[in-house]
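Here is a predicted model to work through by question and answer. Keep the structure open as you read.

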Amino acid sequence: MSVALALTWPLLPESEDRPGGSVDWAGAVLLSVGLVALMLALGLGGTPGWEWTSARTLVTLVGGVLVTALWVLVELRTAEPMIDVRMFARRNVVVVSVVTLAFSFCMLGLQVAHSVFLGTSPAETGYGFGYGPVAIGLGLLPNLLAMALGALAAPAVAARVTDRLTLVTGSALMAVGYGFVLATHSSAPLFLLGTALAGLGNGFLQHSTRTLAVESVPHDRTSVGSGINELIINVGGSLGAAAVLTVFAGHTPAGHTLPDLGAYTTSWVLCAVISIAGGAASLLYRTPSKDLR
């Protein structure tokens with residue numbers, strides 16, 4: 001980050017437009033507290049001391065929901081809100097947000113899980129490939145390279161088949177990729193191919209949703225559209241990590257450090273279903289009129 005700052009500071013011109021404004025401290029605090037409470041309850045739910053029926057879990061979860069609801073009310077009454085929740089009255093903002101939530105849920109939810117799977121010894125658990133640290137890093141490359149390729153190709157694909165079909169295609173590739181991994185997880189080459197397919201779809205969606213989040217709002221609110229999208233990415237990733245952690249906790253026998261294979265198969269099915277849901281939501285996207293761009 002320091003290198004990027006040093007390179008861009010002298011090259012990017014200073015804007016002459018100074019719109020002013022103030023920091024929405026109340027909105028920032030309420031949103032932070034609400035999201036932390038929700039993520040804490042969802043992430044630790046089902047673990048010792050945080051059983052789903054325990055007072056600690058229920059109070060934290062309900063408290064997070066109430067604080068987040070209070071945040072929405074505060075933002076609606078604030079002249080300069082941190083996040084303009086009124087933007088969610090727009091169809092395309094909702095559609096892009098749902099797709100963003102879906103792909104970030106799967107991408108970040110399975111990120112650590114796949115690394116653990118690659119490094120798990122099949123002799124010990126009956127699954128995995130027993131890779132060392134270097135091999136695990138190389139095993140993640142097909143997914144990352146395909147993700148980069150998808151992001152680079154997304155503009156050209158959208159120009160040929162429309163933005164809506166690009167969102168649908170990306171979601172479908174993710175669903176197929178996770179389904180392929182589910183069916184072929186005993187073969188390393190096929191497993192890596194499946195993660196690459198999911199990565200390609202993820203790359204499509206990462207680029208497309210960031211672009212469409214800006215195009216879905218009036219031209220003078222582009223920063224709002226971008227801010228909403230980045231917030232949804234973080235929320236989706238946190239939800240995905242919490243959900244996968246909960247699944248893994250439920251499939252880890254007492255006295256063991258590693259879960260059974262069911263933790264992975266359940267997570268792959270979950271992410272395939274969520275990807276399909278994101279693809280279904282994509283069908284509701286409508287190309288915005290030029291006066292909104």
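Q: Does Ser54 count as buried or exposed?
A: Ser54 is found in the loop between helix H2 (25-44) and helix H3 (55-77). Its relative accessibility is 15%. Buried means under 20%, so Ser54 counts as buried.

Q: Which residue's side chain does the side chain of Ser54 join in a polar contact of 3.0 Å?
A: Ser54 is in the loop between H2 and H3. From there, a polar contact of 3.0 Å joins its side chain to that of Thr57.

Q: At roughly what angle do the axes of helix H7 (residues 133-161) and helix H9 (residues 188-215) cross?
A: Two packed helices are described by the angle and the distance between their axes. H7 passes H9 in a right-handed crossing. The two axes come within 6 Å and cross at roughly 35°.

Q: How many charged residues are in the contact of H7 with H9?
A: H7 contributes residues including Gly139, Ala146 and Gly150. H9 contributes Ala196, Gly199 and Gly203, among others. The contact divides into 14 nonpolar residues, 10 polar and no charged.

Q: Which Trp does Phe191 touch?
A: Leave out residues up to four places away in sequence. Phe191 then touches residues including His114, Phe117, Leu118 and Phe129.

Technical notes:
Residues numbered from 1 in each chain as written. Predicted model: local features only at pLDDT ≥ 70, side-chain atom pairs only at ≥ 80, totals over all residues. Heavy atoms only, no water. Axes fitted to C-alpha atoms, helices over the stretch in contact; angles between N-to-C directions. Helix = DSSP H or I, 4+ residues; strand = E, 2+ residues; numbered from the N terminus. Left-handed = near helix turned anticlockwise from the far one by under 90°. Contact = heavy atoms within 4.5 Å. Nonpolar A, V, L, I, M, F, W, Y, C, P; charged D, E, K, R; others polar. Buried < 20%, exposed > 50% of the residue type's maximum accessible area, 1.4 Å probe, protein only. Polar contact = N/O pair within 3.5 Å; in protein donor to acceptor, adjacent residues only side chain to side chain.
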